[in-house]
Amino acid sequence: MILLIVILTVAGLLLWKWLDIRSADDLKARVGSLLSGNGQHPLSNVFLTDEKSTRHGGELVASVLKAHNVQEIFTLCGGHISPVLVASEKLGIKIIDTRHEVTTVFAADAVARLRQSIGVAAVTAGPGLTNTITAVKNAQMAESPILLIGGAAPTLLKGRGALQDIDQLVLFRPLCKYAARITRLRDIVPTLREALKAAVEGTPGPVFVEFPVDVLYPYQLVVKEIGFNPNAKGFIQQALNVYLRAHVSRQFGGAWSDDQEITPLPTNIPRPKEDQLSQLVTLIRNAKKPVLLIGSQSVLPPVPAADLAAAVKALGIPTYLGGMARGLLGKESDIQMRQNRRDALKGADLTILAGTVCDFRLSYGRVLSKKSKIVTINRNSSQLTKNEKAFWNADVAMLADVGLTLTRAAEALKINTPKFTEWVAELRTSENAKEAANLKKMDDKTADGHLNPLKFLSELDKTLSDDTILVADGGDFVGSAAYIVRPRGPLQWLDPGAFGTLGVGGGFALGAKAVYPDRPVVILWGDGSCGYSLMEFDTFTRHKLPVTAIVGNDACWSQIAREQVPMFGSRVAIDLARSPYDEVAAALGGFGVVVSKDSKETVEETMKKAFAENKAGHSSLINVHIGTTDFREGSISV
């Protein structure tokens, strides 16, 4: 008797859990539905499933995205995700389809950075998702908040050999802050809200939500496709029908509840501790030769970029900007330095790493002076002290938002701000000498007689308007451009970040133009890197989002050649053709032109034509035939 009671109790609890009864009112509703005699299958009534509803899970997805102010979804279509795209478009969310899935995530990444919110990409199952992996990893390392929506095989066919059925979660869990699989429609809203919260709070990053196709399409269509046997006679066939009916009823049960909240969940932003903030202020006040290194994390919300720029200027510390922080202080600033960073760090008595990480870009911390006090500020605990104790030691490690920390420090020093006039002047003298040396290199003849890339980039820089957004996608050519082409303001420079990914150009430009359709967007492409996303000129044309691309065409993977040739005496796999990329752009609805040593037009005249084409709705590609200089000899090309 006791055993029977235990068995019945366990069975009851399992049934309660399977039915997902959440309250007494929920139980009462289910009983009432079962006794209603409304003509539905009893299991539909038990699970509160509306068999006549034509609504679908895509509508729930769209409603949550709309409530989170998502303005566009980047996609490459697939049957798994059609309901999401259709429903989102009906709510006014712009659907921008690309020519490769990796572009969807790169574009979402750019939107996240420029709009300082969330970027969204949606792709189909299997190869559609695997095509995005590089871009998702790039977003993880760049700390960009993106939501990737992925289709999947029907829930009952998981692991049974369905089309494009693979274990997608195992691929994305290591790359994403949050990864989840939807199995019931009533879970769509809370899961998406949690995913979107995770993407933006703390250290931002990508999140992934997998949607089996049967949680996105309408009930009647799913029932039609699920495989009921209308002529079931034996016990097993009838039992299978009951199981399938219970499965689909549970799947759709309670899907359209009116009490589901769809608005954003509150998020947590790490704030500086008062005692550490006091230490930072004291160190700045006592310093004679401080240096401030600002990285991409500095321009994350909640502090507006303009407020951060004002705080940095008020501090008056010589500053080096990297990643998305480029342009923070405008095109010209007395305290911003671009050259001789290693020498400045060697002479510093205080080094503030504000979102800057001691990875390969700082030689893992080896370039930091042993005599300098070091303060590191970062939202990410692992990045905060990366390679510490091995090559450097932090005096103050602040797990906090960079913008909040620097603005608080500037406010605390407002009454008695220290002046670093002599130190700034010393670094400025060194800066000017380096700039003068670079100017001389612009007049050097290249080994093969083609255009000097430094000279071209200098002329290009003069043609750019103050609202231009620059997209950097390349190696040698873009590495040179980083020293010469100057972003005019905050959030006007997009590069891949620490992952060093080639191929971001088309997607980043697409995202930038979607956010700022009336501003010039200029891609700086190497001829190697342009091959990854040149086809997106078709996307620019179809969606009337015109951009301008500059291709530094030296018919070579030059950054690799600089080391491979002298080291091994071989040019294997590094030579390209001086291809007519301008003709590809023209074939895809754009404007293309070659700039070479034989060109009669000036760079200014060519760029005016390109920008005029943009205003007329056409993308432009300038195929610049450049030669090789020794400007970047010895640069790292891993």
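Phe 631, at 16% relative accessibility, counts as buried.

Before I go on, a word on the model. It is predicted, so local features need pLDDT of at least 70 and side-chain atom pairs pLDDT 80 or more, while totals for chains, interfaces and linings use all residues. Residues are numbered from 1 along each chain as its sequence is written, and side-chain values use heavy atoms, leaving out hydrogens and water.

Now, the rings. The whole structure holds 6 aromatic pairs, counting rings of Phe, Tyr and Trp (its six-membered ring) with centres within 6.5 Å; planes under 30 degrees apart are stacked, over 60 edge-to-face, and the rest tilted. Take Tyr 219 and Phe 252: their ring centres are 5.4 Å apart and their planes at 90 degrees, so this pair is edge-to-face. Both of these residues are buried.

Back to our opening two. Tyr 483 and Phe 631 have ring centres 5.9 Å apart and planes at 90 degrees, so they too are edge-to-face. Elsewhere, Trp 525, Phe 537 and Phe 540 are linked by ring pairs into a cluster.

Which residue has Arg 519 over its ring? That is Tyr 516, with the charged end 4.4 Å from the ring centre. For this, NZ of Lys or CZ of Arg must be within 6 Å of the ring centre and within 35 degrees of the ring normal. Likewise, Arg 366 lies over the face of Phe 391, at 4.9 Å from the ring centre.

Definitions and conventions
Buried < 20%, exposed > 50% of the residue type's maximum accessible area, 1.4 Å probe, protein only.
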